[in-house]
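Hi everyone, thanks for coming.

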Amino acid sequence: MSRGYRDGDSKRYFDWLYYAAIDLRVAKLILEDGRCRNMVAFHCQQSVEKALKGYLLWRKNRLYDGHNLPFLCKQAMMEDEHFRACLPLASEINHYYIESRYPADFLLSLDEETATMLIVNTTDMVHFINSLVKFDFTSYHPKKM
């Protein structure tokens, strides 16, 4: 069952793209610490999720609920067929939302090469979305409270 979006969730697509960029930066910062590689995967997942939600908010003026990256990517594909190339990454990274954050009998343990590849592929996808929306991280100014 979905939670529905919270009333406080931003309806400004560029806020979502900004936070996608922040998650990607965090993933890059923690890559060097081998104990944090699972969190690299989580932050990559979060970056892709927020970037897709930002794109869909920009394109459809609708805030989508949930964390299912293949679903969000397919929604984006309905607007732009170029998102078909993003679907393999969305499918691969989708399971990291849960598995990277909670202990289990069979622990996820990413090696440096896999974590680095996730960052590279996430960077490509976020840059692709930012180019469509014409979003520039360095020009963004967060809303003052």
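Here is something to start us off: does Glu112 count as buried, partly exposed or exposed? Keep in mind that this is a predicted model. The relative accessibility of Glu112 is 39%. Buried would need under 20% and exposed over 50%, so Glu112 counts as partly exposed.

Where is Glu112, then? Find helix H6 and you have it. Setting aside its neighbours within four places in sequence, Glu112 is in contact with Leu31, Glu32 and Arg37. Now look at Asp33: 79 residues separate Glu112 and Asp33 in sequence, yet their C-alpha atoms are 9.4 Å apart in space.

Next, let's go inside. The largest nonpolar core has 38 residues, and Leu52, Phe83, Ile93 and Ile129 have the most contacts inside it. Helices H1, H2, H3, H4 and H6 each supply at least two residues of this core, and the largest share, eight residues, comes from H2.

Beyond its neighbours within four places in sequence, Phe83 is in contact with several residues, including Leu52, Tyr55, Met77 and Ile129.

Finally, helix H1, which runs 13-30. What span should its 18 residues have? At 1.5 Å a residue we expect 26 Å, and the end C-alpha atoms of H1 are 26 Å apart, so the two agree. Among the buried residues of H1 are Trp16, Leu17, Ala20, Leu24 and Ala27. An α-helix has 3.6 residues a turn, so residues three or four places apart point the same way. The buried residues of H1 pack against H2 and H6.

Note on methods: Residues numbered from 1 in each chain as written. Predicted model: local features only at pLDDT ≥ 70, side-chain atom pairs only at ≥ 80, totals over all residues. Heavy atoms only, no water. Core = buried A, V, L, I, M, F, W, Y, C linked by side-chain atoms within 4.5 Å. Buried < 20%, exposed > 50% of the residue type's maximum accessible area, 1.4 Å probe, protein only. Helix = DSSP H or I, 4+ residues; strand = E, 2+ residues; numbered from the N terminus. Contact = heavy atoms within 4.5 Å. Expected span 1.5 Å × (residues − 1).
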